[in-house]
Amino acid sequence: MANSERDLDEISLSPEEEARIDAAIANARDPYDDEVAVAAEYDSRYDLLIVRLKTGQRLAIPREDLQELAVADPDEVRKVQIEMLGMSLHWEELNVDFRVDGLRRGLYGSERWMKQLNERRQRNATAALERSA
């Protein structure tokens, strides 16, 4: 190990200095890192689209919730591509695109699709409550 590296290992910082360094590192992060996909895959075992974001966070979205992908062949869904520097997901054969920021906000299709999806979720929740009563 070089002398300077050994010296850095021996530096003792006060809690205040450590906190300032941590705050500086947090401020240096790109505020859009949570909207950038670094990996995307379709997990056929659970029928989920899995998107790993630059922050390390993962989104797991049921295929049935995603407009156009809900009725697509799973082999086509597997062919997801990351585009626009990680800001978008694209399926060439299906001519389908989703923005990562929209997926994070729960936007899985058109306004009409989202209304139908929410109605279906409400029906499923009501049915589950009735079964448990």
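Reader: Why is Trp91 called buried?

Author: The relative accessible area of Trp91 is 1%. Buried means under 20%, exposed means over 50%, and partly exposed lies in between, with a 1.4 Å probe and protein chains only as cover. Trp91 is therefore buried. This is a predicted model, in which local features need pLDDT of at least 70 and side-chain atom pairs count only at pLDDT 80 or more, while totals for chains, interfaces and linings use all residues. Residues are numbered from 1 along each chain as its sequence is written, and side-chain values use heavy atoms, with hydrogens and water left out.

Reader: How many aromatic pairs does a search of the whole structure find?

Author: The search finds 1 aromatic pair. The ring centres of Trp91 and Phe98 are 6.1 Å apart, with the planes at 90°. Rings of Phe, Tyr and Trp (its six-membered ring) pair if their centres lie within 6.5 Å; planes under 30 degrees apart are stacked, over 60 edge-to-face, and the rest tilted. The pair is therefore edge-to-face.

Reader: Is Phe98 buried or exposed, and how do you know?

Author: Phe98 has 7% relative accessibility, so it counts as buried.

Reader: What makes Leu85 exposed?

Author: Its relative accessibility is 82%, so Leu85 counts as exposed. Leu85 is found in the loop between strand 4 (81-83) and strand 5 (88-91); strands (E, at least two residues) and helices (H or I, at least four) are DSSP runs, numbered from the N terminus. Met84 has its place in that loop as well, and is called exposed because its relative accessible area is 57%. Phi is positive at about 55° in Met84, although Met84 is not a glycine, and phi of Leu85 is near 55°.

Reader: Which residues make the nonpolar surface patch of about 330 Å²?

Author: Ile11, Leu13, Ile21 and Ile25 make this patch. A patch consists of residues with over 30% relative accessible area and no salt bridge, where nonpolar side chains (Val, Leu, Ile, Met, Phe, Trp, Tyr) are joined within 5 Å and like charges within 9 Å. A salt bridge is a side-chain nitrogen of Lys or Arg within 4 Å of a carboxyl oxygen of Asp or Glu. Ile25, in helix 2, has a relative accessible area of 45% and is therefore partly exposed.

Reader: Which residues gather in the patch of negative charge?

Author: Glu16, Glu17, Glu18 and Asp22 gather there on the surface. Asp and Glu count as negative. Asp22 lies in helix 2 (residues 15-28); its relative accessible area is 48%, so Asp22 is partly exposed.

Note on methods
Areas by Shrake-Rupley, 256 points an atom, 1.4 Å probe, with all protein chains shown as cover. Charge placed at Lys NZ, Arg CZ, Asp CG, Glu CD.
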